[in-house]
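Here is a short report on one chain.

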Amino acid sequence: MSVMIRAKDSGRTNMTTVIFKEFTFAAAHCLKGLDDGHPCTVLHGHNYKVRLEIEGTPDPQTGMVMDFAKIKEVVAPLIEQLDHSTLNDSMPVTTSECLAAFFADRLRDDLTGLRRVEVRETQTCGAIVYL
């Protein structure tokens, strides 16, 4: 026998909650203004990971802060724009810091409660923008 516990049954729907959704895309870029011989001045690629965090109070009826499907719908056009592209064709500076700001600026109005955007260009390197 299984028991389903809904958020409204748990008595905890008024708690502030942070949800997250992650996206990936592959893109090439090169960085300008670095010392001669720096490896990042040569066109190269990354498999980027974008993590969005949204803060809110779960809806008493659905138990959700926001439907993950809505987040995907809002973010998909940006991922499609960048995936398998050369980032330098879309933006003047292509650092992880600038990519995180790129996502934050374009998503903040459509994702109420967006509080953090993380962009990783490798497993050990990336940038975080707090809104």
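I71 touches I19, K21, F23, L52, I54, M66 and L111, leaving out residues up to four places away in sequence. Contact here means heavy atoms within 4.5 Å. The model is predicted: local features need pLDDT of at least 70, side-chain atom pairs count only at pLDDT 80 or more, and totals for chains, interfaces and linings use all residues. Residues are numbered from 1 along each chain as its sequence is written, and side-chain values use heavy atoms, with hydrogens and water left out.

I71 also belongs to the largest nonpolar core, which has 27 residues. The residues with the most contacts inside this core are F25, L52, I71, F103, L107, L111 and V117. Elements giving two or more residues to the core are β1, β2, α2 (68–82), α3 and β4. A nonpolar core is a set of buried Ala, Val, Leu, Ile, Met, Phe, Trp, Tyr and Cys residues joined through side-chain atoms within 4.5 Å. Buried means under 20% relative accessible area, exposed over 50%, and partly exposed in between (1.4 Å probe, protein chains only). Helices (H or I, at least four residues) and strands (E, at least two) are DSSP runs, numbered from the N terminus. In soluble globular proteins, nonpolar side chains tend to be buried together.

## The α2–α3 pair

How do the axes of α2 and α3 cross, and at roughly what angle? They come within 10 Å and cross at roughly 145°. Axes are lines fitted to C-alpha atoms, for helices over the stretch in contact, and angles run from 0 to 180 degrees between N-to-C directions. The crossing of α2 past α3 is right-handed. That term applies if the near helix is turned clockwise from the far one by less than a right angle; anticlockwise is left-handed.

On the α2 side, V74, V75, L78, I79, Q81 and L82 make the contact. On the α3 side, the residues are L99, F102, F103, R106 and L107. By class, this contact has nine nonpolar, one polar and one charged residues. Ala, Val, Leu, Ile, Met, Phe, Trp, Tyr, Cys and Pro count as nonpolar, Asp, Glu, Lys and Arg as charged, and the others, Gly among them, as polar.

## Salt bridges

The model has eight salt bridges. The rule asks for a side-chain nitrogen of Lys or Arg within 4 Å of a carboxyl oxygen of Asp or Glu. One of them joins R51 and E22 (3.3 Å, N to O). This pair links distant parts of the chain: R51 is in strand β2 (residues 44–56), E22 in strand β1 (residues 17–29), 29 residues apart. E22 is partly exposed, at 34% relative accessibility.

R51 also bridges to E53, with the closest N and O atoms 3.3 Å apart. E53 counts as buried because its relative accessibility is 8%. E53 in turn meets R116 in a salt bridge (2.9 Å, N to O). R116 lies in strand β4 (residues 114–120) and E53 in strand β2, 63 residues apart. R116 is buried at 12% relative accessibility. Through shared partners, salt bridges join E22, K49, R51, E53, E55, R115, R116, E118 and R120 into one network.

## Sites in helix α3

S96 sits in helix α3 (residues 96–107). Is S96 buried or exposed? Its relative accessibility is 4%, so S96 counts as buried. Beyond residues up to four places away in sequence, S96 touches V119, E121, G126 and A127.

A101 is also found in helix α3. A101 is partly exposed, with a relative accessible area of 27%. A101 and L131 are 30 residues apart in sequence and 9.7 Å apart in space, C-alpha to C-alpha. D105 has its place in helix α3 too, and is partly exposed at 49%. The C-alpha atoms of D105 and V50, 55 residues apart along the chain, are separated by 14 Å.

## Two loop residues

H84 lies in the loop between α2 and β3 (85–86). Its phi is near 55°, a positive value in a residue other than glycine. H84 is exposed, with a relative accessible area of 68%.

M15 is in the loop between α1 (7–10) and β1. M15 is partly exposed, at 38% relative accessible area. Leaving aside neighbours within four places in sequence, M15 contacts G56, T57 and P58. The C-alpha atoms of M15 and R106, 91 residues apart along the chain, are separated by 28 Å.
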